[in-house]
Amino acid sequence: MSTTLTSKHRSTLRGGHLPKWSPLAIIAGSVAAGLGISAAAGLHSSIQWALIAAVVFVVATYGIAAKVEGRRQAKDRIATSLIWVAFLLAVIPLASLVWETVKRGVKVFDVYFLTHSMGVVADTEPGGGIYHAIIGTLEQVGLASLIAVPIGVLTAIYLVEYGKGKLAKAITFFVDVMTGIPSIVAGLFILSFWILILDMGYSGFAGSLALSILMMPVVVRSTEEMLKLVPNELREASLALGVPKWRTILKVVLPTSIGGITTGVMLAVARITGETAPMLLLVWGTNFINNNPFEGPQASLPLYIYQQYANSSGANAAYDRAWAAALALIAFVMILNLVARGIARWKAPSQH
Amino acid sequence: MAKRIDVSGLSAYYGSHKAIDDISMTIEPRTVTAFIGPSGCGKSTFLRTLNRMHEVTPGGRVEGKVLLDDEDLYGAGVDPVSVRREVGMVFQRPNPFPTMSIFDNVAAGLRLNGNYRKNELNDIVEKSLKGANLWNEVKDRLNKPGSGLSGGQQQRLCIARAIAVEPKVLLMDEPCSALDPISTLAIEDLIGELKERFTIVIVTHNMQQAARVSDRTAFFNLAAVGQPGKLIEIDDTERIFSNPSVQATEDYISGRFG
Ligand SMILES: Nc1ncnc2c1ncn2[C@@H]1O[C@H](COP(=O)(O)OP(=O)(O)OP(=O)(O)O)[C@@H](O)[C@H]1O
Ligand SMILES: [Mg+2]
């Protein structure tokens, strides 16, 4: 009796199931459909057939899943496939950018390129390198960090640990405003203040000042978030031992959050390394090695890329150098990110 | 070593909300005093006024007097930092410093305050861990992080950390509420030993625990939600649990309400 019942009624717990390979099959089908429709309609752009394929994929997934598995599972599958489509849309430009840069950059990217300047090479000739630009970028970014990191971290400590009332609100507001300052405006500000009013002359340091303006709010924001993650219980535990507040911050709060703070600082450094506009106004650019950031024009990687493009009237040698310098810039930022991740993992409070 | 606490007319506020109202009591040195009462009646708040941790909470404010052997904790010119060195605290949830090893956790109070001699440190850490009944379990892994211990071990680590700075008074806010019966017993035994040296105040929701460990018991209650908590009575533990002088106490202890 009971066996006939179970076999007649569908189980409420186990509905129909699409096999594991079904998404792949639907993808293959929709790509074929996209290509077929494009061919029939005489469309040539790969973007068009990809879009058609994506739409077909989403609709087909919903239709098939709704038939076999029911409406709720179909919605679940639709959400999953939309996320995958969005992910692909986000990754494709990034991947193609990296691919293009590597492809064009490796042509002249070698040890010679990294260790020589443009001092004796005309912009239109092959040869030369980015040594002077690397020196410039390292010094400018280093000085900017020396200025922005202490101020930014101390500001964040003030806001999280001490700040209440009007002053803290005002600082938070100004940090928010600073976050939105376009880099060219920061450059113009330093230009008028440092070079025109104080009459200091173009230098790498002038560029560092502008970069530090751009860097500071990023450091404040990320450090603030990290400090807020430190549980209040740890602060109270330390205070209850009779430890003064400043020592509690120094010895308990900061060590607990140092990994996250370093990551934030590294990301801020990565962000300002590619700034071009303030460099154009303040550092001026040069083809020669200038190790002194406080005197005379310097080069920098983003500036170098721009100048190779702008000053060479289309010579292939200059374009190759620009791409290779772009590759160096991306590699530098990538390394910074990896180091930041490494530090975060290494410094994270561990369980073992 | 241990000191007497004398509270008179103490009220505490969170902003404009009055959490406890006009509390007075005396706590004798080398005794264990238990605070019991329904949730939200201000036991933790009152405990935290005894080492000036209440004012760490934003908006926290205190009125009244707390005398520690005749010295008013809230008197003019009293440094809350030195108060907290005399009156230590163990929290409800174990909170070892996650960046420090077991050894460093116990040494933290001394190190962070900077008043110790290097060659003493090992002895003090060992003595404190033994005092907290933890030494045998951790003596082979003093350099491992404190957060790698079990909950009960972490709580005993926090007790070791608190007694390493040799306070005169030890405040414990529900130290066993997250622990299994065995760890709880270990900590109760520990309280019995620590009372030889310290004045101990413990908040607990566990009546049996209050009856087991304490010499005196204080019962707190609040008239209604949103009203400030009040001290209903404080008496010898035996009396509170056998023959309290206030009906509300008896109702609470025997589980009758309303
Ligand atoms: N940080 C805070 N800010 C505002 N009000 C608070 C804060 N902490 C506690 N209170 C209030 O103070 C009153 C007393 O709280 P307290 O934590 O002292 O109670 P308790 O007796 O310890 O309760 P429990 O037994 O649940 O721990 C409660 O009404 C609570 O809402
Ligand atoms: Mg409490």
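## Leu338(A) and its helix

Leu338(A) is located in helix H14 of chain A; helices (H or I, at least four residues) are DSSP runs, numbered from the N terminus. Leu338(A) counts as exposed because its relative accessibility is 55%, where exposed means over 50%, buried under 20% and partly exposed in between (1.4 Å probe, protein chains only).

The model is predicted: local features need pLDDT of at least 70 and side-chain atom pairs count only at pLDDT 80 or more, while totals for chains, interfaces and linings use all residues. Residues are numbered from 1 along each chain as its sequence is written, chains are lettered from A and ligands numbered from 1 in the order in which they are written, and side-chain values use heavy atoms, with hydrogens and water left out.

## The nonpolar patch

At least two residues of the patch come from each of H4 (71–105) and H14 (316–347) of chain A. H4(A) gives the largest share, four residues.

## Cysteines

Over all chains, zero disulfides (cysteine sulfur pairs within 2.5 Å) are found. For Cys158(B), which is in no disulfide, the nearest cysteine sulfur is that of Cys176(B), 12 Å away. Cys158(B) is buried, at 3% relative accessible area. Cys176(B) also counts as buried, at 9% relative accessibility.
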